[in-house]
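Trainee: I have just opened this one and have never looked at it before. Could you walk me through it, one piece at a time?

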Amino acid sequence: LCINCKANEFSPSGAAECKLCEDGYVSKAGSEKCEPCGAGTIWSKTKVRDATAARGHRILRRCKQCEVGQLTACAALTKCIKCEMGRFISETGRSVSKPCKSGTFADVEGLSVCKSCLPGRYQPAKVQSECHPCRKGYFTNQSGGVKCRPCPVGKFANESGLSRCVD
């Protein structure tokens with residue numbers, strides 16, 4: 001009589017017993033091999049209560065999606081990493097990050113959304129970790145500015161980083 005292996009165990013054809021999948025790998029019940037957790041996921045081992053188990057608990061082994069702001073680029077990993085500055089990840093289970101667009105920035109690792117440059121500051125490039133203040137004589141009054149405009153005739157900005165010019 002042949003018996004199916006449990007989930008996270010495997011048995012190739014002709015084997016006398018089931019073997020546990022290695023860390024970073026999982027299988028469905030009755031599998032002949034284990035598969036790695038895919039990119040964007042990590043392998044997780046958690047102790048859960050189970051009154052029917054011999055010790056009152058069992059170990060739950062599964063692939064778990066990385067949180068927003070984190071990724072894994074390879075399979076069979078056990079830890080997600082934060083995306084780098086200048087980039088973001090807005091969804092779970094991702095293997096690549098997205099670049100911040102012009103007018104935005106990510107000044108810390110692991111952001112789920114890029115921050116907009118504040119009025120008086122700008123960023124013309126993508127994938128940046130900061131915004132620049134408008135220089136003297138220039139301004140921007142919008143969030144997410146990609147460039148500053150010169151003050152109109154008869155007005156001035158005698159400091160850098162201003163959102164408006166004065167008379």
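Trainee: Where is T140 placed?

Mentor: T140 sits in the loop between β15 (138-139) and β16, where strands are DSSP runs of E with at least two residues, numbered from the N terminus. Keep in mind that this is a predicted model, in which local features need pLDDT of at least 70 and side-chain atom pairs count only at pLDDT 80 or more, while totals for chains, interfaces and linings use all residues. Residues are numbered from 1 along each chain as its sequence is written, and side-chain values use heavy atoms, with hydrogens and water left out.

Trainee: Okay, and is T140 buried or exposed?

Mentor: T140 counts as buried, because its relative accessibility is 6%; buried means under 20% relative accessible area, exposed means over 50%, and partly exposed is in between, using a 1.4 Å probe and protein chains only.

Trainee: Which residues is T140 in contact with?

Mentor: Leaving aside neighbours within four places in sequence, T140 is in contact with P119, G120, R121, C134, G145, K147, C148, L162 and S163, a contact being heavy atoms within 4.5 Å.

Trainee: Switching to I59, which strand is that in?

Mentor: I59 is found in strand β6, which covers residues 57-65, and with 42% relative accessibility I59 counts as partly exposed. Not counting residues up to four places away in sequence, I59 touches K45, T46 and K47.

Trainee: And how far is I59 from S129?

Mentor: Their C-alpha atoms are separated by 41 Å, and the two residues are 70 residues apart along the chain.

Trainee: What about the chain as a whole, how many helices and strands are there?

Mentor: The chain has zero helices and 16 strands, a helix here being a DSSP run of H or I with at least four residues.

Trainee: What is the radius of gyration of the chain?

Mentor: The chain has 26 Å, whereas a compact globule of 167 residues would have a value near 15 Å; the radius is taken over C-alpha atoms, and the globule rule is 2.2 Å times the number of residues to the power 0.38. Along the principal axes, the C-alpha atoms fill a box of roughly 95 × 30 × 15 Å. Buried residues make up 29% of the 167 residues, and of the contacts between residues at least 6 apart in sequence, 35% join residues at least 24 apart.

Trainee: Now the charges, how many salt bridges does the structure hold?

Mentor: The structure holds five salt bridges, each being a side-chain nitrogen of Lys or Arg within 4 Å of a carboxyl oxygen of Asp or Glu. Among them is the one between E91 and R94, at 2.6 Å from N to O, and another joins K115 and D107 at 2.7 Å. E91 is partly exposed at 36% relative accessibility, and R94 is partly exposed with a relative accessible area of 36%.

Trainee: What does K155 form a salt bridge with?

Mentor: K155 pairs with D167, and the closest N and O atoms are 3.6 Å apart. Both K155 and D167 lie in the segment after β16 (149-150), so the pair ties together parts that are 12 residues apart in sequence. K155 is partly exposed, with a relative accessible area of 39%, while D167 counts as exposed at 70% relative accessibility.
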